[in-house]
Amino acid sequence: MDRRRFRRLRDGRLAMQLHTAEATLLAHLADELTELLETPDPNDPAIDRLFPRAYLDPTEEEAEQSFSALVAPDLLRARLDALRALVATVRPLADGPGSDAIHTVELDAEAEAQWLAVLNDARLALGTRLGVSDDRDEIELDPDDPLVHAFQVYDWLTYLQGELVEVLLGELPDVDDDDA
């Protein structure tokens, strides 16, 4: 797409353009993330990244367990709700005719937050599994490397999330020096 894929509608909703292939990819990623969250492998570093420890001090294990028992169920429920909402939006586009069609999805404020959360979680999980770090720009993959596609998906998620954040931040009111 040559232009920005997000635009604010007069009724306040956010319109987003997606190709059928992008909707298919988002549905697939959401399915994988749902499976990761519903049947977590405690040894999967992506789970640790999505649910980081509140207490890093190993002597605070009891406090960590109490915090996790209190917070983790609500975090998990919110993540799964966001995934279900995204899938409900993109699955009909992915299953529809025309692999190169462009669809417009309209998001209300709640859906905007859910999409942002899902894009962030998908990037975190994929980036963790790929070993993405601050020196990511220096990685040059051979075009035949089996990870090339995964890095392309990571880069696309980064782009999509970044554009959504830019649109949402661009709508924040300016802060006066007196208010800061």
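Helix α4 is followed by Gly131, a residue whose phi is positive, near 75°. The chain described here is a predicted model, in which local features need pLDDT of at least 70 and side-chain atom pairs count only at pLDDT 80 or more, while totals for chains, interfaces and linings use all residues. Residues are numbered from 1 along each chain as its sequence is written, and side-chain values use heavy atoms, with hydrogens and water left out.

**Overall architecture**

The secondary structure of the protein chain comes to five helices and three strands, where helices (H or I, at least four residues) and strands (E, at least two) are DSSP runs numbered from the N terminus. Along the sequence these elements follow the pattern β-β-α-α-α-β-α-α. Of the 180 residues, 35% count as buried; buried means under 20% relative accessible area, exposed over 50%, and partly exposed in between, with a 1.4 Å probe and protein chains only. Among contacts with a separation of 6 or more, residues 24 or more positions apart account for 72%, a contact being heavy atoms within 4.5 Å.

The table sets out the spans of two helices, for which the expected value is 1.5 Å times one less than the number of residues.

| Helix | Residues in helix | First to last C-alpha | Expected span |
|---|---|---|---|
| α4 | 22 residues | 31 Å | 32 Å |
| α5 | 23 residues | 33 Å | 33 Å |

Helix α5 spans residues 148-170, and its buried residues are Val148, Ala150, Phe151, Val153, Tyr154, Trp156, Leu157, Leu160, Gln161, Glu163, Leu164 and Val167. As a general point, an α-helix has 3.6 residues a turn, so residues three or four places apart point the same way. The cover over the buried residues of α5 includes β1 (6-8), β2 (14-19), α1 (20-38) and α4 (109-130).

Gln161 lies in helix α5 and is buried, with a relative accessible area of 11%. Its side chain makes a polar contact of 3.3 Å with the side chain of Asn120; a polar contact is a pair of N or O atoms within 3.5 Å, of which, within protein, one must be able to donate a hydrogen and the other to accept it, and residues adjacent in sequence count only if both atoms are side-chain atoms. Leaving aside neighbours within four places in sequence, Gln161 is in contact with Leu116, Leu119, Asn120 and Arg123.

**Packing of α1**

Helix α1 packs against α5 at an angle of about 100°, with the two axes 12 Å apart; axes are lines fitted to C-alpha atoms, for helices over the stretch in contact, and angles run from 0 to 180 degrees between N-to-C directions. That angle makes α1 roughly perpendicular to α5, since angles under 35 degrees count as roughly parallel, over 145 as roughly antiparallel, 65 to 115 as roughly perpendicular and the rest as oblique. Glu22, Leu25, Leu26 and Leu29 of α1 make this contact with Val153, Trp156, Leu157 and Leu160 of α5. By class, the residues of the contact of α1 with α5 are seven nonpolar, no polar and one charged; here Ala, Val, Leu, Ile, Met, Phe, Trp, Tyr, Cys and Pro count as nonpolar, Asp, Glu, Lys and Arg as charged, and the others, Gly among them, as polar.

The axes of α1 and α4 come within 10 Å and cross at roughly 70°, and these two helices are therefore roughly perpendicular to each other. On the α1 side, Leu26, Leu33 and Leu36 meet Trp115, Val118, Leu119, Asp121, Ala122, Ala125 and Arg129 of α4. The contact of α1 with α4 has eight nonpolar, no polar and two charged residues.

Asp44, in the loop between α1 and α2 (45-50), is buried, with a relative accessible area of 10%. Leaving aside neighbours within four places in sequence, Asp44 is in contact with Leu36 and Arg129.

Leu147 is found in the loop between α4 and α5 and counts as partly exposed at 40% relative accessibility. Leu147 and Leu130 are 17 residues apart in sequence, with their C-alpha atoms 8.1 Å apart in space.

Arg77, in helix α3 (residues 61-95), is likewise assigned by accessibility, counting as partly exposed at 46%. The side chains of Arg77 and Asp74 are joined by a polar contact of 2.3 Å.
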